[in-house]
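Come along and look with me.

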Amino acid sequence: MRLNILAIIIASCALNMGARTLSVDDCIAMALEANNSIKASEYQSRQADAMVKSLRANYFPDISATATGIYSNARGSYNIEGGNLPVFIPDANGNVTPTGSFAYFPGIGLNYEVGPMFTAGVELTQPIYMGGKIRNSVAMATHKSQMADAYLEMTRDEVVVAVTTAYADVVKAGQLLDVAKAYKSVVMELQANVESAIAHGMRHNNDRLKVAVRINEADLNILRASNALRLAKMNLCRVTGQSLLSEFDVDSRYPLTAMPASIAGNEAIYDRPEWSALKANEAALKSQIGIARSELLPQVALKAGYSYNYGFEINKETQLNSGSFAVLLNVTIPLYHFGGRSAKVDASRQEWLRSQADMRDKEELLTLDLHRAFSTLEEADAALSLSETAVEQAAENMRLSRVMYDNGMETLSDYLEAQLLWNQACQQRVEAGFALYTANIAYLRASGRL
């Protein structure tokens, strides 16, 4: 019994959660959390930051400790036989002559044994001057980190555009479904009037068939709108990282949009992440020239180390049992490499010049995109205003047509045509609202304010 009650409670909570109403901000938050492209860009950004820290560590000393041990059973001896050795004396001419006396030499006997041996030490390496290689490497990594951040922002912008468009598509599908149902209710009302007129002998059966055709069209429009709403919701679930069969509701109206009084200045494109990525890439390529040039300059490094050695016995006495300290200054001066390194510098410079030309081209394209987005937004705003006027006119036309039809001054076909025109005007207003919202999103992105 307890399990049944618990199951009912859980099912009730699931239904309440499934029927929740989502705002566009809720959908954006879910998409940013679940999108795999954003996660990949975040990992790339973290990798770039870690690379900056790694290269910056080259400014500081590199300290390492080493230890080596060996055991060998190698052993042996070295002997010199003793005895009497003649004594010589030099004369005035530098010649030596024997004196006839002898000196006793006791001989030498050496027994050696390798046995266990080990050496251990600590070494410090400090770069003093590397031709600017470390400085330019850090600068290049920093610019690449900025590029990664810009690409992350671009990915987020793409997700925001996809989510807001999918959200607006759900709103559009819901409004089109409402329009289709409203059109059917109008036709159904006319059907009731026509049936009553036929029953009283005031209309022909042909009128019933004409209305039935429009009812069938209205049912088909409702089916299409229902399917469009279902698919739009599934698409919104996809871009937000939710299950495709998740149940939710959205606001019945498009999110608010504010029409700008005038187009933003051309400098607005410099706030876009695309421009930030181009600038960071240009700066990284300039640092790469410095890295290539460093191979043509002298490099100076200081090394200092302390080592301790132990082992090697001679006549049972250990010979190595002490430490030593050493300092080394290493200077490397490149002399000639058959133009290979100079050509590398020139190749890096040409790549930097190419990036500058690419930036100028992209700057013009981004400016054109800004003006195109504003023009589209203006047209969409005007189209929405015209569509609202068209709906009012179509509604008034349908009202007058009904009055004339009820008074026998207009045919049923004319009244049905007025209803159809009203339905089409309502659909166009929904489409215009969708176009205005998506145009506003495109303009915000083009002006760097998404």
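**Entry 1: the largest pocket**

I started with the largest pocket, which holds about 370 Å³ of space. I kept in mind that this is a predicted model. Which residues lie nearest the centre of the pocket? I found Gln175, Arg253, Tyr254, Pro255 and Leu256 there, out of 17 residues that line the pocket.

Next I looked up where the lining comes from. Helix 4 (133-199), helix 7 (340-406) and helix 8 (412-446) each give at least two residues to it. Helix 8 gives the most, with five residues. Sorting the lining by class, I noted nine nonpolar, four polar and four charged residues.

Rolling a probe the size of a water molecule over the atoms shows where empty space is left. I asked how many cavities of 30 Å³ or more there are. The count came to one, and the volume of the largest cavity is about 40 Å³.

I then listed its lining: Arg20, Leu22, Cys27, Met30, Leu236, Cys237, Thr240, Gln242, Ser246 and Phe248. Helix 2 (24-34) and helix 5 (205-239) are the elements that give two or more residues to this lining. By class, the cavity lining has six nonpolar, three polar and one charged residues.

**Entry 2: two helices side by side**

Helix 7 and helix 8 came up at the pocket, and I went back to see how they pack. Their axes are 7 Å apart, at an angle of about 160 degrees. Do these helices run roughly parallel or roughly antiparallel to each other? Angles over 145 degrees count as roughly antiparallel, and therefore helix 7 and helix 8 are roughly antiparallel. I also noted that helix 7 passes helix 8 in a left-handed crossing. The contact between helix 7 and helix 8 has 27 nonpolar, eight polar and six charged residues.

**Entry 3: the sheet**

Strands of a sheet pair through backbone hydrogen bonds, either parallel or antiparallel. Here I found four strands in an open sheet, in the order 2-5-7-8, with antiparallel pairing. Which strands stand at the edges? They are strand 2 (62-80) and strand 8 (317-332), each with a single partner strand, so one side of each has no neighbour in the sheet. From one strand to the next, the twist averages 15 degrees.

Last, I followed one pair along its length. Strand 2 and strand 5 (residues 108-129) run antiparallel and are joined by 17 bridges. As an example, I looked up Ser72, and its bridge partner in strand 5 is Gly115.

Terms used:
Residues are numbered from 1 along each chain as its sequence is written. This is a predicted model: local features need pLDDT of at least 70, side-chain atom pairs count only at pLDDT 80 or more; totals for chains, interfaces and linings use all residues. Side-chain values use heavy atoms; hydrogens and water are left out. On a 1 Å grid over the protein atoms alone, a cavity is a set of points where a 1.4 Å probe fits but cannot get out, and a pocket is an open set with protein on both sides within 12 Å along at least five of seven lines; lining residues have an atom within 4 Å of a point. Grid points are joined across faces, edges and corners, and a volume is the space filled by probe spheres set on the points. Ala, Val, Leu, Ile, Met, Phe, Trp, Tyr, Cys and Pro count as nonpolar, Asp, Glu, Lys and Arg as charged, and the others, Gly among them, as polar. Axes are lines fitted to C-alpha atoms, for helices over the stretch in contact, and angles run from 0 to 180 degrees between N-to-C directions. Angles under 35 degrees count as roughly parallel, over 145 as roughly antiparallel, 65 to 115 as roughly perpendicular and the rest as oblique. A crossing is left-handed if the near helix is turned anticlockwise from the far one by less than a right angle, and right-handed if clockwise. Two strands pair if DSSP finds at least two bridges between them.
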